[in-house]
Amino acid sequence: MDFARFTEIVENVKIKHPHFFELEHDKIPTMEDVLAFQEQYQIILPEKYIQFLLNFGGGYFGFAIIYSLDKNSYFSIYKHNPAQVKDLLFIADNECGDYYAFQIENGKCSEEVVFYDHDNNAVEQEAVFPDIFEYLVKTGLSGVI
């Protein structure tokens, strides 16, 4: 899904259900914040995730939670990425101990969002969602579009 289609869906949901976007959310980062994160973690974030962060920040997004670059927030990506899982970047959770993540290969995050099962300590499915926008529409706005 491209960013224009994603924002169109979000705007339509905001009109019908504005309360979905009134829950806690984090500040919108600058491009400098994005670059600092990438430098610190030595990874390249997916372009669509960067677009989301630069336009929406993070925190609650409809029924979903998405991690942000706000170091002082509960939803901070810095707080939710354990060192022992080196090939994944957790970007969201299901509030049951499992995570949604980007796989990291050669210092670059995939566009696909995979599901990490904490009980099995493994990715359960290859590509659960083709990109962050599909993940957010299907988990955060499910049943309202």
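**Exercise 1. Determine which residue of β5 is the bridge partner of Phe90, and describe the pairing around that bridge.**

Solution. The bridge partner of Phe90 in β5 is Ala101. The model is a predicted one, in which local features need pLDDT of at least 70 and side-chain atom pairs count only at pLDDT 80 or more, while totals for chains, interfaces and linings use all residues. Residues are numbered from 1 along each chain as its sequence is written, and side-chain values use heavy atoms, with hydrogens and water left out. Helices (H or I, at least four residues) and strands (E, at least two) are DSSP runs numbered from the N terminus, and two strands pair if DSSP finds at least two bridges between them. Strands β4 and β5 (residues 99–105) run antiparallel and are joined by five bridges. Five residues lie between the strands of this hairpin, and Glu95 takes a positive phi near 65° there. Six of the six residues of β4 (residues 88–93) are buried (under 20% relative accessible area, with a 1.4 Å probe and protein chains only), so β4 is largely enclosed by the rest of the structure.

**Exercise 2. Classify the packing of α3 against α1 and against α4 from the angles between their axes.**

Solution. Axes are lines fitted to C-alpha atoms, for helices over the stretch in contact, and angles run from 0 to 180 degrees between N-to-C directions. The axes of α1 (residues 3–16) and α3 (residues 47–56) come within 11 Å and cross at roughly 40°, which makes α1 oblique to α3, given that angles under 35 degrees count as roughly parallel, over 145 as roughly antiparallel, 65 to 115 as roughly perpendicular and the rest as oblique. The contact (heavy atoms within 4.5 Å) includes Phe3 and Phe6 of α1 and Phe52 and Phe56 of α3.

For the second pair, α3 and α4 (residues 132–140) pack at an angle of about 55°, with their axes 8 Å apart, and that makes α3 oblique to α4. Here Lys48, Tyr49, Gln51 and Phe52 in α3 meet Ile132, Phe133 and Leu136 in α4.

Methods:
Buried means under 20% relative accessible area, exposed over 50%, partly exposed in between (1.4 Å probe, protein chains only).
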